There are 2 protein chains.
Amino acid sequence: MPKIVDHLERKSNIAEATWRVIIQQGIQAATVRKIAAEAGVSLGALRHYFSTQHELLLFAMNLVKERVTARILAIIHTDLPPREQVAKVLLELLPTDDGSMAEMEVWFAFTFHLRSAGDKSAELDDAIYPLIVRLIDYLDQHGLLKQGLDKGDEAERLYALVDGLAMHAMLEPERLDRQRMVRVLNVHLESICCG
Amino acid sequence: MPKIVDHLERKSNIAEATWRVIIQQGIQAATVRKIAAEAGVSLGALRHYFSTQHELLLFAMNLVKERVTARILAIIHTDLPPREQVAKVLLELLPTDDGSMAEMEVWFAFTFHLRSAGDKSAELDDAIYPLIVRLIDYLDQHGLLKQGLDKGDEAERLYALVDGLAMHAMLEPERLDRQRMVRVLNVHLESICCG
């Protein structure tokens, strides 16, 4: 299916061009015209793949999700001990290098752009909360969660911690670098895990 | 000084009109023209107080900070036991009612608007981090912080937790309501405090 593959690749290239425009110039500058120029395609070619700017932004955002999900699945399929798996998965949700910082910029720009554009129905639908719920369950199933903890509370707390760290690392990358994020995450896991 | 008071009051009224426009229509719609209409003043009168839109947005944002700070100072000057004071101060940093939800909307809109407008130098300067550092110190000085905890790590963790909860409550107000935020905060304080 060379044609389908080709189409997907072109759409991904356009999505990546979208990220670059968002990161360099802000989401308000991410017009189809600028994105087409950045991707090196004509406006007509871009419109062939994405009929509206909204459709393009949505695709670009979903590609972020797909890449994060793929990395997380790769970790889950390793033979690492459960707690190390959980720690690695959580790190994937944080901006720890240029690539994931770019993803995070796109994610925040997208989420708050939709809201600041007045779209209150733009629900946060990034599947992170259900993932965190499953991670807490996973620790519990392996007998690693300290006794007496409420799983619902712990999922909410871990979810807030991870997204708070992500936001702060994006806004204050010099203060909150990768090493410090890893450290704080480990302090937290230490506090909820036994053994 | 009736004139000065009058000026301050007018500026505050314009700032509050700015909040309403941001909350209802998004920060991108917050033009001086719309804000003047919402405040019920002429464009000329508005320009008398704020010569640029940026100046107006900055004033509106600073008024949010001032109000939060005033509420926090009021708590600190009560006779509540230290741990209860800390819990109450932390709650002031979360969107627990319509008023504080509006403040949070403005804060997030402002922070991410500046970034998405490409202003990477728009540092997060909301004085929350130093406040959290002081709260952890305060607990420690009163012998309430569990032994063996690193104060720097705990400040970072609490800071991320609070801002993560604030962001989630804003994006998912139905799932994460006031009761649930109070509960998760208390679980966290319980985990770091002794006695």
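At what angle do helix α8 (residues 151-171) of chain B and helix α9 (residues 178-192) of chain B pack, and how far apart are their axes?

I note that this is a predicted model, in which local features need pLDDT of at least 70, side-chain atom pairs count only at pLDDT 80 or more, and totals for chains, interfaces and linings use all residues. Residues are numbered from 1 along each chain as its sequence is written, chains are lettered from A in the order in which they are written, and side-chain values use heavy atoms without hydrogens or water.

**Helix pair in chain B.** I looked up α8(B) and α9(B) and found an angle of about 170 degrees with the axes 11 Å apart, where axes are lines fitted to C-alpha atoms over the stretch in contact and angles run from 0 to 180 degrees between N-to-C directions. The two helices are therefore roughly antiparallel, a term for angles over 145 degrees. Their contact (heavy atoms within 4.5 Å) involves residues including B:L158, B:L161 and B:L165 of α8(B) and B:V184 and B:L185 of α9(B).

**A:N186.** I placed A:N186 in helix α9 (residues 178-192) of chain A, and its relative accessible area of 36% makes this residue partly exposed, that is, between the limits of under 20% for buried and over 50% for exposed, with a 1.4 Å probe and protein chains only. A:N186 and A:A87 lie 99 residues apart in sequence, yet 7.5 Å apart in space, C-alpha to C-alpha.

**Annotated segment.** I read in the unreviewed UniProt entry that a "DNA-binding region" covers residues 31-50 of chain A; over these residues the chain is 75% helix and 0% strand.

Note on methods: UniProt positions are given in the numbering used here, feature names are shortened, and annotations may be inferred rather than shown by experiment. Helices (H or I, at least four residues) and strands (E, at least two) are DSSP runs, numbered from the N terminus. Angles under 35 degrees count as roughly parallel, over 145 as roughly antiparallel, 65 to 115 as roughly perpendicular and the rest as oblique.
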